[in-house]
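Subject: Structure for you to look at

Hello,

Please find the structure below, followed by notes on what was found in it.

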Amino acid sequence: MSRISYVNGQYIPHSNASVHIEDRGYQFADGVYEVFAVHDGNLVGEQGHLDRLKHSLVSLQIDWPMAKRSFMVVVKEVVRRNHVKFGLVYIQITRGVARRDHPFPTNTQSAIVVTARKMPPLDKNVLNKGVKVITIPDIRWKRKDIKSISLLPNCLGKQQAREAGAFEAWQYDGEGNITEGTSSNAWIVTKDGELVTKQIGSTILNGITRLAVLESAREAGFSVSERAFSIEEAHNAKEAFITSSTSHVKAVTRIDDKIISNGHVGELTSKLLDLYVDYIEEIGGPIVTDRWN
Ligand code: PLP
């Protein structure tokens with residue numbers, strides 16, 4: 001069965017889907033994106049992703065390419081046409097097609113692409129196995145709260161991780177504090193049992209998985225802090241993990257040359273994965289926030 005993608009008003013076989021060479025996304029990375037996880041045919045954290053997409057579009061003064069209600073119909077239709085029970089749906093919205101010139105064009109319709117693909121269902125054994133991360137300087141721009149398609153520093157960082165035999169790179173700022181991964185949020189559990197992840201602001205992307213994990217950790221009565229943590233604190237952590245729509249809650253068992261949690265998934269990490277699985281199995285419900293930076 002061939003994949004179907006949505007491009008500016010049309011459902012098209014994926015292999016023939018294309019955009020104009022003067023799309024500003026292609027020429028200036030002038031656009032934003034979202035990735036929703038699909039679990040058992042349902043979109044995970046639908047409202048949270050929509051709110052964040054709105055935040056990204058408003059921040060860059062890009063218009064919605066269509067009415068919001070039609071937008072969700074299209075997203076779900078792409079999932080349906082591709083028979084995705086477990087996987088992801090990718091949405092990219094750019095400022096549209098215009099003669100190449102830096103200022104925003106006038107009277108240009110924003111452009112949209114929606115693709116979906118199948119992925120293996122979440123597997124607790126795989127996620128609890130643990131991965132290695134390395135630490136690298138954060139060389140990105142100053143508006144990391146916007147889910148911009150300008151991902152070159154993230155690609156460079158991820159490639160550096162791969163070349164070091166690691167799954168992810170945790171980026172650190174000028175003060176030596178970890179901001180986040182190249183495509184995930186970073187978490188540690190301190191020796192005192194405090195669950196820590198960087199507070200939101202313009203220095204990280206406010207992950208939808210991050211929000212779900214924060215909510216369930218607080219509901220379960222764990223000690224939670226949204227604050228900066230240093231590379232040194234990470235190296236000395238009792239446990240560590242990453243969150244994202246595609247990595248869910250994935251244990252980290254090595255940071256640079258430091259073994260975390262004796263090389264095994266930590267107790268709290270494993271509990272948080274269980275809670276996250278309960279959450280997405282229930283409905284993957286509405287994580288709503290008006291705090292984006
Ligand atoms: N941080 C960055 C830089 C990301 O690219 C992502 C996901 O792509 C995340 C965090 C996690 O966000 P979410 O949980 O919404 O997938």
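Which element gives the most to the lining of the largest pocket? Helix H5 does, with five residues. Before the rest, two remarks on the source. This is a predicted model, in which local features need pLDDT of at least 70 and side-chain atom pairs count only at pLDDT 80 or more, while totals for chains, interfaces and linings use all residues. Residues are numbered from 1 along each chain as its sequence is written, and side-chain values use heavy atoms, with hydrogens and water left out.

**The largest pocket**

Pockets and cavities are found on a 1 Å grid over the protein atoms alone: a cavity is a set of points where a 1.4 Å probe fits but cannot get out, and a pocket is an open set with protein on both sides within 12 Å along at least five of seven lines. Lining residues have an atom within 4 Å of a point. Grid points are joined across faces, edges and corners, and a volume is the space filled by probe spheres set on the points.

The largest pocket holds about 870 Å³ of space. Its lining has 43 residues, and Tyr33, Lys147, Thr182, Ser183 and Ser184 lie nearest the centre. Among the elements that give two or more residues to this lining are strand S3 (31–39), helix H2 (46–59) and helix H5 (152–163). Helices (H or I, at least four residues) and strands (E, at least two) are DSSP runs, numbered from the N terminus.

**The cavities**

There are two cavities of 30 Å³ or more. The largest cavity has a volume of about 90 Å³. Of the 13 residues that line the largest cavity, Val38, Gly87, Pro120, Leu122 and His248 lie nearest its centre. S3 supplies the largest share of that lining, three residues.

The second largest cavity has about 40 Å³ of space. Residues lining the second largest cavity include Ala37, His49 and Tyr279. Here the largest share, three residues, comes from H6.

**The sheet**

S3 also belongs to an open sheet of six strands, in the order S2-S1-S6-S5-S3-S4, with antiparallel pairing. Two strands pair if DSSP finds at least two bridges between them. Strand S2 (10–13) and strand S4 (42–43) stand at the edges with a single partner strand each, so one side of each has no neighbour in the sheet. S3 and S4 pair in the antiparallel sense over two bridges, and His39 stands opposite Asn42 in S4.

Regards
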